[in-house]
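Subject: Structure for your review

Dear colleague,

Please find the sequence and structure below. The notes that follow set out what was found.

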Amino acid sequence: MITLGIESSCDDTSLALVENGVRIRASLLSSQIETHRRFGGVVPEVASRKHLEAINPLIRELLAAAQLTLEEIDQIAVTTGPGLLGALLVGVAAGKAIAWALRKPFIPIHHLEAHLEAAFLAAGRPPEYPFLGLVVSGGHSNMLIARGIRDYVTLGRTADDAPGELFDKIARRIGLGYPGGPAIQKESISGNPDRYQLPRPLIRRGYGFSFSGLKTATIAVIDRAGDSLSLNDLCASLQNAVAETLISKVGAALIEYPMSRLVIAGGVAANSELRAQAARLAEARGVELLIPPPSLCTDNAAMVAAHGFFTANSWTDCNTLTVNALADWSMGDPLPFWIKPS
Amino acid sequence: MTKSARALPYIFLDASRPRIVGQVGFAASDPNSGSPTFRAFSWESRQDFAARLTVFLDEMLVATNLTFEHIERIGVGIGPGSLTGVRTAVAFLRTLSQVSGKPLSGISLFDWAIATLAASGERGPIRISVPALRDKVFALDIDSDLEATSHMGSSVEERLTLVARSDAGDGRPHFGIWYGDSIIRTVDPSPEALHHLMTQHNSATAHDDFELLLQIAPLYVIPPLAEINLVKRG
């Protein structure tokens, strides 16, 4: 069964065709990084316009790349939230047009659930539950217990900045440009992670996250150091602080909620320091660690298509053309139907 | 009614304004039947336009005893107007055109209003405008005969000027699209004018060629604030 995935929740327009939820037939991405770089971050209205420019050419290129026709697509899975509303709407509208014209199922997909799916897709296998999940990106940091498809218990989420957002803001402050995560990682390679003392926010206080204090502390370090600031050391110190904060909470959760599987996903999961610390924790605790390769950590439609396949297999009410895009949509919350299907 | 009496059916959707407008029409109609050649629809727009996209189309098709297979041409309002509404409608109908192979027409509010004025006997030259911020309007001056003016589509943004709402220009009649005051006369784009654009001028505006299809895009009259600030900062 071929599932078309559409992802447009932020600044990447992506389309993919995935077979039986585990085999990527084709995956394309139109990145807006260069467009947003001059603004120092994603501008929602600009992002929406770029999605509209990209989506129709991508549909054509995708079919050509996969050597498939539209009629060979069995279902359409689209990210319907959470994300930038105007950006989401472009993907949702295009996906609905395809589903309606071809009379194929339209499967609304939660962006963060799809990120977790990427870990299993990368391993070429169906999702296995339960697992402890951590999704960390530019807009999100969520820790949860996944008990099944659309069955999640959120343990904690960020109260303010997400880690990717923190990296973007600090990178902009020290002139590394956008996006901040890859730039900070690159600078940190030869840096001393112990050079600058940065806080590990809320490290022993539950599973919630807060990175705005770390941002303020980092800016204070930058200001205090002045010309003597070592960018390499600062980036290494910051990256280490973020990774330790995240992994210490994951470690605590694994004690309170013993589980044999740990999934870490989202754009920040591409960070090498976080991956290294996660690998050490998993080995020490004897749990299986699943982290997608960096190409599947960032936003992509293959994870959406894969999750659409398994969602459609598990839920009979998942086909609806009357679902709306939602900027805010908590994991595990019911689908935002406008008309509940009978 | 026979198929020949209801030839070349089109379906149109516009989300540029607070009320969503739809229309189904036929290029040819049986003169003896007395049936209207088009049927106009409108819906209250809430925050759920994207949720109801296919509901709108289904409702129009059911009401006119058609299926999408009967439709031979699609139309979409390209604004200016609600950025999100127009963009969502264009994304939906442009993709529908792409996957169905049915040609798409992009109808600007300016074309639609000008066709409305022409049908009411108005002659050029005129000034026609939409509201902008702070007592200003985006104005388009039409020098030629209105009947000859159409299909400005993608070039209309370059021809717009930002002027004070009180600026009467060179004295030509000034029409505001869906707004007016003591100087500016209101023009309400009509279903009849839309039908005229969708049928009489369809050969010039409807595209099934992919590259031309991509040119059917929202009229972004106002650039994003971030771009304005970026230009200001140099």
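B:N65 counts as exposed, because its relative accessibility is 64% (exposed means over 50% relative accessible area, buried under 20%, partly exposed in between, with a 1.4 Å probe and protein chains only). The backbone of B:N65 has a positive phi of about 55°, although the residue is not a glycine. B:N65 lies in the loop between α1 (49–63) and β4 (73–79) of chain B; helices (H or I, at least four residues) and strands (E, at least two) are DSSP runs, numbered from the N terminus.

The model is predicted: local features need pLDDT of at least 70 and side-chain atom pairs count only at pLDDT 80 or more, whereas totals for chains, interfaces and linings use all residues. Residues are numbered from 1 along each chain as its sequence is written, chains are lettered from A and ligands numbered from 1 in the order in which they are written, and side-chain values use heavy atoms, with hydrogens and water left out.

Chain B has a mean pLDDT (the predictor's confidence in each residue, from 0 to 100) of 85, and 86% of its residues reach 70 or more. Over residues 1–5 of chain B, pLDDT stays under 50, and the model has 8 contacts beyond four places in sequence for this stretch; contact means heavy atoms within 4.5 Å.

In chain A, A:Q67 also deserves a note. A:Q67 is not a glycine, yet its phi is positive, at about 55°. The residue sits in the loop between α2 (44–66) and β4 of chain A, and A:Q67 counts as exposed because its relative accessibility is 71%.

Finally, chain B contains an open sheet of 5 strands in the order β8-β7-β6-β9-β10, with mixed pairing; two strands pair if DSSP finds at least two bridges between them. At the edges stand β8 (161–164) and β10 (185–187) of chain B, each with a single partner strand, so one side of each is left without a neighbour in the sheet. Strand β7 (residues 136–142) of chain B runs antiparallel to β8(B), and 4 bridges join them. B:K136 stands opposite B:A164 in β8(B).

Kind regards
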